[in-house]
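Let's walk through how to read a few structural features, one question at a time. Have the viewer open as we go.

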Amino acid sequence: MSSPTRLSSDHSYRPDIDGLRALAVLPVLLYHAKVPGFSGGFIGVDIFFVISGFLITGIIVREVDAGEFSILTFYERRARRILPALLAMIGFVLIAASLLFLPHDFAGVAPSALAAIGFLANVYLFTQTGYFQASSETTPLLHTWSLGVEEQVYIGLPILLILIARYIPTWRLKTVVAITLVSFVWAVFKQADIDGFAFYMLPTRAWEMFAGSLLALGVVPAIKRRWLAEILCGGAVAAIIAATVLYDRHTVFPGMAALVPVLAAAALIHAAPGTWVGRMLSLKGPVWIGLISYSLYLWHWPMIVFWRYTLDEKLTGLHSAALIAGSIAVAWASWRFIEQPFRSKTRFPTQRIWRWSAGGMGIVAAVSLALMAQGGWQGRFDAETLRFASASSDYSPVRAACVADRVADHSPDCTLGGDAEPSAIIWGDSHAVEIAWALGERYGANGAAIVQRTRGSCPPVTGYDPIGDPRCALFNAGVIEEIAQTKTLQTVYLAAYWKQDPYRLAHVDALLSETIARLQALEKTVVLIGPIPTQPATVPRLLAQRGNDAPTLPVAEFRTKTAWFTQRFPEWRARGVDIIEPIDRLTRNDQTIIVAGDSPLYYDDNHLSLAGARHILGDMPAE
């Protein structure tokens with residue numbers, strides 16, 4: 001069958017692409033290991049997507065056009081490449097989590113393992129997004145979302161290209177271009193959403209792989225001038241470095257920002273051969289890292305998760321260095337003793353690889369289902385450990401419903417307390433949620449009600465418009481409008497994670513001062529709830545593992561970190577603002593406390609539990 005579009009290159013081995021894999025996996029590893037200067041290292045996944053799209057499309061099209069393509073052979077190659085190391089890693093995760101994880105953390109591991117072997121990890125994680133779900137620190141299979149995206153493309157792409165070749169061969173390039181553009185536009189449209197769809201789901205990620213497909217289909221003409229190729233490749237490397245250094249978790253991503261690593265990777269694939277960049281990527285070191293890159297990607301994240309969980313402290317430079325070295329060593333062993341043997345048709349003929357693949361997936365699925373039936377598997381721990389660990393679930397029953405994108409998204413459940421017209425409103429970010437529930441209990445005891453309006457990482461001020469969340473300002477404008485129009489709302493509580501750096505850098509204290517003035521102009525009583533101390537690690541886990549010896553944040557350190565905000569308290573009090581200072585009830589002997597009356601006061605490292613919210617409110621009356 002003749003090809004309606006030419007391929008951009010032959011299928012000879014290109015060591016520079018293995019070197020490019022190193023340029024993809026190392027930023028991811030260093031980003032996860034918390035190495036300074038790699039805050040945008042997550043872009044390595046996008047580079048992987050482009051490489052995969054280029055290589056796989058090239059293979060499929062060559063074989064389809066030659067009349068030699070077999071879908072069973074294609075999936076056999078995928079099974080040899082993907083499954084052995086993946087199944088070994090998942091088995092390790094299930095065993096390690098069974099030994100280390102407390103019930104609340106353990107409950108999500110088996111479902112994520114089942115999703116991973118079904119290549120639906122991205123879908124599972126999308127359904128689990130939220131402020132108390134799918135915490136990265138307790139999700140050792142979080143990174144398998146990218147494998148889900150890739151394999152979903154690999155399921156559809158061969159079928160698509162076969163059908164096009166059979167029925168509309170002249171439309172192959174047009175179809176791939178159309179899919180790429182639709183996916184990219186969808187990604188840009190969804191980029192501002194915080195629901196996780198743009199990040200995890202195939203429709204908004206496919207364009208990155210299809211960018212590589214377009215290269216394989218020869219859509220970009222060959223670069224004949226050496227000097228132009230040198231400039232293009234040098235610029236591509238500079239773009240990858242810049243994105244790695246300048247991007248961070250607040251960057252709106254993917255979408256427009258993902259163009260940088262995607263186009264840079266495409267440029268290197270297209271133009272690197274024969275350039276100085278191509279020669280650098282073809283050196284033995286980068287090529288060796290590229291060869292073990294799949295195993296390195298698989299193993300590094302679970303190692304980091306279990307290391308941090310066991311130590312329960314922030315990664316130090318020494319820890320990071322040890323994890324990086326250990327990850328590379330384990331990745332080499334995985335490549336040498338797991339990946340390589342299963343790629344050999346001599347050692348594992350076709351029938352045998354299918355049996356081993358089906359058997360391995362079946363065993364992991366069966367074990368995962370058995371562990372899911374155990375839930376958190378509480379029988380592994382004693383009563384005191386379980387009592388402390390249970391605080392991980394001591395959050396507001398309406399947290400999921402009442403941390404929303406828009407005011408209109410809040411359900412009726414976000415009016416708390418008694419069956420009465422609400423006389424107060426609590427406005428804030430995720431730190432206000434449990435306080436809202438505790439206030440609702442007090443209001444309800446007096447037959448009154450309070451409205452909860454909360455949005456994660458969005459402080460209750462007007463004028464705050466972060467790049468990473470364009471809808472925050474709209475949300476706050478909606479709350480102000482609601483307060484102005486609802487005459488029965490006489491008291492406004494303001495609560496947030498005041499100590500965090502993004503708020504400090506945005507001068508939220510000044511914005512809050514303006515917001516207070518605006519509320520007082522509406523003749524509202526303003527009650528400000530001050531900063532909550534952030535503890536060294538997740539409190540229920542600290543207590544379960546260390547009991548009364550658990551370390552806590554020194555009060556002096558807390559006061560230093562929050563001084564930029566709390567120095568405004570005298571001014572605001574003078575203007576008639578009531579201020580509740582949680583630190584007054586969270587201090588003992590110059591240390592912050594994390595337990596009161598045998599009840600943990602936090603459900604993670606910075607959010608108060610319901611017990612903690614009730615504790616900081618003390619005997620304060622409502623209404």
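Q: Which residues do ring pairs link into a cluster?
A: Rings of Phe, Tyr and Trp (its six-membered ring) pair if their centres lie within 6.5 Å; planes under 30 degrees apart count as stacked, over 60 as edge-to-face and the rest as tilted. Here the ring pairs join Phe92, Phe101, Trp299, Phe306 and Tyr309 into a cluster. One caution: this is a predicted model, where local features need pLDDT of at least 70, side-chain atom pairs count only at pLDDT 80 or more, and totals for chains, interfaces and linings use all residues. Residues are numbered from 1 along each chain as its sequence is written, and side-chain values use heavy atoms, with hydrogens and water left out.

Q: How many aromatic pairs does the structure hold?
A: There are 31 aromatic pairs. Take Phe199 and Tyr200: they sit edge-to-face, 5.2 Å centre to centre with 85 degrees between the planes. For burial, buried means under 20% relative accessible area, exposed over 50%, and partly exposed in between (1.4 Å probe, protein chains only). Phe199 is partly exposed because its relative accessibility is 26%, whereas Tyr200 counts as buried at 13%.

Q: Why is the pair of Tyr464 and Tyr503 edge-to-face?
A: Their ring centres are 5.6 Å apart and the planes stand at 85 degrees, so the pair is edge-to-face. Now for where they sit; helices (H or I, at least four residues) and strands (E, at least two) are DSSP runs, numbered from the N terminus. Tyr464 lies in the loop between β3 and α21 (471-485), and Tyr503 in helix α22 (residues 501-505), so the pair ties together parts that are 39 residues apart in sequence. As for burial, Tyr464 is buried at 7% relative accessibility, and Tyr503 is buried with a relative accessible area of 1%.

Q: What is the strand order in the open sheet?
A: Strands of a sheet pair through backbone hydrogen bonds, either parallel or antiparallel. The working rule is that two strands pair if DSSP finds at least two bridges between them. This open sheet of 6 strands runs β1-β3-β2-β4-β5-β6, with mixed pairing. Its edge strands, β1 (415-417) and β6 (578-580), each pair on one side only.

Q: In which sense do β1 and β3 pair?
A: β1 and β3 (residues 449-454) are antiparallel, over 3 bridges. Thr415 has Val451 in β3 as its bridge partner.

Q: And what about β4 and β5, in which sense do they pair?
A: β4 (residues 491-495) and β5 go parallel, over 5 bridges. Ala495 has Ile529 in β5 as its bridge partner. β5 also pairs with β6 in the parallel sense, over 3 bridges, and Leu528 stands opposite Ile579 in β6.

Q: Why is β5 largely enclosed by the rest of the structure?
A: Strand β5 (residues 525-529) has 4 of its 5 residues buried, so the rest of the structure largely encloses it.

Q: Which residues make the nonpolar surface patch?
A: Patches are made of residues with over 30% relative accessible area and no salt bridge: like charges are joined within 9 Å, nonpolar side chains (Val, Leu, Ile, Met, Phe, Trp, Tyr) within 5 Å. A salt bridge is a side-chain nitrogen of Lys or Arg within 4 Å of a carboxyl oxygen of Asp or Glu. Accessible areas come from the Shrake-Rupley method with a 1.4 Å probe; for residues, only the protein chains shown count as cover. This patch covers about 800 Å² and is made by Ile71, Leu72, Ile159, Leu163, Tyr167, Ile168, Trp171 and Trp354.
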